[in-house]
Amino acid sequence: MRAAILFILFTFSSQLLAETDTTKINKLFDSYMSKYNHYLQTGDLPTSPQLYTDTLMLMSSSSKPSVITQTQMNKQVQVFLTRLKEQGVNYVKWSKVNIHFLDKNIALVSNIAERYTQSGALFNKVGASYYVYLVDGEWKISAFAVHDAKNTLL
């Protein structure tokens, strides 16, 4: 009987932990999109909250994997968003976010971002998959790859 109660308590507490971590990861990606849209509207990339670990790996089909600092990443984000803005993108939103916990401090997050013009027309969709890591109680992006939206893990 005690073993059954302990098992139920452990299972329930594990589910609560996962729900709390899911909420934290969703908040991370809400902040991510908020920063992107703030830049698209104002030309200023907020410094807070910090989304990335001290170093992170990024890759895409057009660039081989590279490890950069969060400062370098923020500079690259500004260049990237400036190009999107020049192409007519006015705002971006997540259409799908999928979180898969690999361990208590590692998760794989695979998303589809939709980019829209000033008139509200869909400009395009892109997929991105992220490794996020729990650092001092906060989830941070430690690696990501940009890819075709149809290959997103959802």
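Residues 24 or more positions apart account for 50% of the contacts in the chain with a separation of 6 or more, where contact means heavy atoms within 4.5 Å. This is a predicted model, in which local features need pLDDT of at least 70 and side-chain atom pairs count only at pLDDT 80 or more, while totals for chains, interfaces and linings use all residues. Residues are numbered from 1 along each chain as its sequence is written, and side-chain values use heavy atoms, with hydrogens and water left out.

**Overall layout**

- The chain holds two helices and six strands, which follow the pattern α-β-β-α-β-β-β-β when read along the sequence; helices (H or I, at least four residues) and strands (E, at least two) are DSSP runs, numbered from the N terminus.
- Of the 154 residues of the chain, 36% count as buried, a word that stands for under 20% relative accessible area, whereas exposed stands for over 50% and partly exposed for values in between (1.4 Å probe, protein chains only).

**The largest nonpolar core**

- A nonpolar core is a set of buried Ala, Val, Leu, Ile, Met, Phe, Trp, Tyr and Cys residues joined through side-chain atoms within 4.5 Å, and among the 32 residues of the largest one, Phe29, Tyr32, Tyr130, Val132 and Ile141 touch the most other members.
- The elements that give two or more residues to this core include helix H1 (2–42), helix H2 (70–86) and strand S5 (122–135), and H1 gives the most, with eight residues.
- Not counting residues up to four places away in sequence, phenylalanine 29 touches Trp94, Val109, Asn111, Tyr130, Val132 and Ile141.

**Aromatic pairs**

- Rings of Phe, Tyr and Trp (its six-membered ring) pair if their centres lie within 6.5 Å, and planes under 30 degrees apart count as stacked, over 60 as edge-to-face and the rest as tilted; by this rule the count comes to eleven aromatic pairs.
- The rings of tyrosine 32 and tyrosine 130 form an edge-to-face pair, because their centres are 5.7 Å apart and their planes are at 85°; this pair links distant parts of the chain, with tyrosine 32 in helix H1 and tyrosine 130 in strand S5, 98 residues apart.
- The rings of tryptophan 94 and tyrosine 130 have their centres 6.4 Å apart and their planes at 90°, so this pair is also edge-to-face, and because tryptophan 94 lies in strand S3 and tyrosine 130 in strand S5, the pair ties together parts that are 36 residues apart in sequence.
- Tryptophan 94 counts as buried at 16% relative accessibility, and tyrosine 130 is buried with a relative accessible area of 2%.
- Ring pairs link Phe29, Tyr32, Tyr36, Phe80, Trp94, Tyr130 and Phe144 into a cluster.

**Helix H2**

- In H2, Gln70, Met73, Asn74, Val77, Leu81 and Leu84 are buried, and seen down the helix axis the buried residues fall within an arc of 95°, so they line one face of the helix; the arc is that of the directions from the helix axis to the C-beta atoms.
- On the other side of H2, Lys75 and Glu86 are exposed.
- Just after H2, glycine 88 takes a positive phi of about 105°.

**Asparagine 111**

- Asparagine 111 lies in strand S4 and is buried, with a relative accessible area of 0%.
- Leaving aside neighbours within four places in sequence, asparagine 111 is in contact with residues including Phe29, Trp94, Tyr130 and Thr152.
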